[in-house]
Amino acid sequence: MLDAGPAASGWPDQCWTLARIAEVVRRRFGVEYTLAGLDLLLHRIGWSVQVPSRKATERNEAEIAAWRDEQWPVIKRGRRTWAPGSASRTKPARA
């Protein structure tokens, strides 16, 4: 069933997701799996995550580079580690 593709199971595109595969398994065999359990089973039978072989035609390299230079450093910036603090609820930090 998986080899036939998602369109054969009623989905409009050619993209298998764990949720879609779980739905196919539930409909066909009447068994429900968690997504993590289904992922484990798929790996056991030789299926793995696939990555597109080519980049999207809509991809704009200039915008990606600008975002990477401007926004990513702000997102990636670590939190301050110099501030006093403690992970313990019962033991306050010493100043």
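A residue counts as buried when its relative accessible area is under 20%. The model is predicted. Its chain holds 4 helices and 0 strands.

**Overall layout**

- Read from the N terminus, the elements run α-α-α-α.
- Helix 1 covers 18-29 and helix 2 covers 35-44.
- Helix 3 covers 61-70, and a loop lies between helix 2 and helix 3.
- The accessible surface of the chain is about 8600 Å².
- Carbon and sulfur atoms own 54% of that surface.
- Take the contacts in the chain with a separation of 6 or more: 13% of them join residues 24 or more positions apart.

**The nonpolar core**

- The largest nonpolar core has 6 residues in all: Leu2, Ile21, Ala22, Val25, Leu38 and Leu42.
- Helix 1 and helix 2 are the elements that give two or more residues to this core.
- Helix 1 gives the most, with 3 residues.
- Alanine 22, one of the core residues, touches Leu35 and Leu38 once residues up to four places away in sequence are set aside.
- In soluble globular proteins, nonpolar side chains tend to be buried together.

**The largest pocket**

- The largest pocket has a volume of about 330 Å³.
- Its lining has 13 residues.
- Nearest the centre of this pocket lie Trp16, Ile21, Ser48, Val49 and Gln50.
- Helix 1 and helix 2 each supply at least two residues of the lining.
- Helix 2 gives the most to this lining, with 3 residues.
- By class, the lining divides into 7 nonpolar, 5 polar and 1 charged.

- Helix 1 and helix 2 each supply at least two lining residues here.
- The largest share, 4 residues, comes from helix 1.
- This lining has 13 nonpolar residues, no polar residues and 1 charged residue.

- Serine 9 sits in the segment before helix 1.
- Serine 9 counts as buried because its relative accessibility is 16%, and the cut-off is under 20%.
- Beyond its neighbours within four places in sequence, serine 9 is in contact with Trp16, Val24 and Arg27.
- Glutamine 14 counts as exposed because its relative accessibility is 59%, and exposed means over 50%.
- Leaving aside neighbours within four places, glutamine 14 is in contact with Gly5, Pro6 and Ala7.
- Glutamine 14 and alanine 4 are 10 residues apart along the chain, and their C-alpha atoms are separated by 10.0 Å.

- Glutamine 50 is in the loop between helix 2 and helix 3.
- With a relative accessible area of 62%, glutamine 50 is exposed.
- Tryptophan 16 is 34 residues away from glutamine 50 in sequence.
- In space, the two are 9.6 Å apart, C-alpha to C-alpha.

How values were computed. Residues numbered from 1 in each chain as written. Predicted model: local features only at pLDDT ≥ 70, side-chain atom pairs only at ≥ 80, totals over all residues. Heavy atoms only, no water. 1 Å grid on protein atoms, 1.4 Å probe; cavity = no way out; pocket = protein on both sides within 12 Å on 5 of 7 lines; lining within 4 Å. Points joined across faces, edges and corners; volume = space filled by probe spheres on them. Nonpolar A, V, L, I, M, F, W, Y, C, P; charged D, E, K, R; others polar. Contact = heavy atoms within 4.5 Å. Areas by Shrake-Rupley, 256 points an atom, 1.4 Å probe, with all protein chains shown as cover. Buried < 20%, exposed > 50% of the residue type's maximum accessible area, 1.4 Å probe, protein only. Core = buried A, V, L, I, M, F, W, Y, C linked by side-chain atoms within 4.5 Å.
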